[in-house]
Amino acid sequence: MSTNGTTISLPASLDLPPHLSAQKYFFVCTLTVLSWDTLVLSPRSYKLCRTKKWPALKALYYFLQFWVVADFVVTGVMFFSTSVTQDPDCHRFWPYEPICTAILLFAASTVHVIRISAIYSHANHIRVTLFALLFVQAIVTSVCCGFYRSVHLRDGQGCIAGPLNNQSWVGIYWLFPTILYGASFALAVSRSLKTLESRPLTPWRLMLRDNLNLYGTIFFVNLVNVLFYFIMTPTGPDDPIKTIVTSMAGVLTATMTMRIVLGVRGPLENGGTFSSTGSGSGSGVSGTISGTAVGVSRGRSAPTYTLGDIHTQSKTGAAVRSAGKSEGGWDVDKNSVDASPDAKVMLPIAGETDSVGDGRGTAPPRVGVQITVDQQVEYDEVPPKK
């Protein structure tokens, strides 16, 4: 750099080639995404930690949360340091990044294998296929770690690992995880589309319900990273263009996989259950009425569902259960009405000729929902009015 005939030489930390400068900016974006996701997911992480059981998905969730920070924060400190030297600092540090990232990818891929196997009810052909991909990924990434070296930067420009002599074939380090994430994305979409036959949904709601956006994001960012490894041509041994997207691919893979775990409805044992098989819910008196269908009548009469339980609170704190034998009551204007053991609550879906309960009443046409409480009252127990 010259000014009025005077040559000014910039320090190595500022005199960066274009591709290295772009990678440093991209790494800043990566650390920003990591910081934001760590902050946003903290309340949900605390809530998950309070659950008593520790299934595999929960353990992998907290491992990913810790490991992604340990991997990329340490890597970022070495990458932006202006005091490290290529020899011996960077020559000693370079194995850290590929080895830690390989462990991170293996943990994230294990989550995908467990979750996709669960939504397919642990079908043998699905499990065998996914575990085979996971096994091949572990072998390939382990071998490829030996073919990374420290990129030949100048002292003061930081440390970063890249393929040995910028060889493209080292990109299979990311190729096999990408194949597994592509398979999990395709299987998740296929499983979700099958539910449209029984319950039609818009594509947007279907995507959010089954976390298809998370699977797609993971596959897309890893695919872009693989394309950089195999397509981009470096200008020399000190050009890190092949690894520009590597940091973002690793962070997004970890954070989106953590969100997949948090998106599982119900317990996490055995990979959780598929969302479309869970119980329905609706608003009710003094809280939420939820339960599962135990019987459906066909023909001209409308289907009738028996609610599993109704949680209401009386003065004595007893709960009323619709199909059970427990006793309880509802608060009505500070007066407690005790339900008999035979109390039932029926939720009919009205049709042309809808029957309610056990045939004691008929709902008017075009009524959406009607709740009938069948209760026997012992009049002898009612005190006479004064």
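Fifteen residues line the largest cavity of this predicted model, and Arg115, Ile119, Asp210, Asn211 and Phe274 lie nearest its centre. A cavity here is a set of points on a 1 Å grid over the protein atoms alone where a 1.4 Å probe fits but cannot get out, and lining residues have an atom within 4 Å of a point. The space inside the largest cavity comes to about 130 Å³. Three helices, α4 (96-119), α6 (172-194) and α8 (212-231), each give its lining at least two residues. By kind, the lining holds six nonpolar, five polar and four charged residues.

A few words on how to read the model. Residues are numbered from 1 along each chain as its sequence is written, and side-chain values use heavy atoms, with hydrogens and water left out. Because the model is predicted, local features need pLDDT of at least 70 and side-chain atom pairs count only at pLDDT 80 or more, while totals for chains, interfaces and linings use all residues.

Let us move on to the next cavity.

Now for the charged pairs. Side chains of opposite charge can pair when their charged atoms come close. The whole structure has two salt bridges, each a side-chain nitrogen of Lys or Arg within 4 Å of a carboxyl oxygen of Asp or Glu. In one of them, Asp37 meets Arg259 at 2.8 Å, N to O. Asp37 sits in helix α1 (residues 18-49) and Arg259 in helix α9 (residues 246-262), so this pair ties together parts that are 222 residues apart in sequence. Asp37 is buried, at 6% relative accessibility, whereas Arg259 is partly exposed, at 21%; buried means under 20% relative accessible area, exposed over 50%, and partly exposed in between (1.4 Å probe, protein chains only). The other bridge joins Arg209 and Asp210, also at 2.8 Å, N to O, and both of these residues are buried. Asp210 takes us back to the largest cavity, as one of the residues nearest its centre.

Finally, look at the surface. Phe135, Val136, Ile139, Val143, Phe147 and Trp169 form a nonpolar patch there, with about 550 Å² of accessible area together. Phe147 lies in the loop between α5 (124-144) and β3 (148-150), and its relative accessible area of 31% makes Phe147 partly exposed.

Note on methods:
Patches are made of residues with over 30% relative accessible area and no salt bridge: like charges are joined within 9 Å, nonpolar side chains (Val, Leu, Ile, Met, Phe, Trp, Tyr) within 5 Å. Accessible areas come from the Shrake-Rupley method with a 1.4 Å probe; for residues, only the protein chains shown count as cover. Helices (H or I, at least four residues) and strands (E, at least two) are DSSP runs, numbered from the N terminus. On a 1 Å grid over the protein atoms alone, a cavity is a set of points where a 1.4 Å probe fits but cannot get out, and a pocket is an open set with protein on both sides within 12 Å along at least five of seven lines; lining residues have an atom within 4 Å of a point. Grid points are joined across faces, edges and corners, and a volume is the space filled by probe spheres set on the points. Ala, Val, Leu, Ile, Met, Phe, Trp, Tyr, Cys and Pro count as nonpolar, Asp, Glu, Lys and Arg as charged, and the others, Gly among them, as polar.
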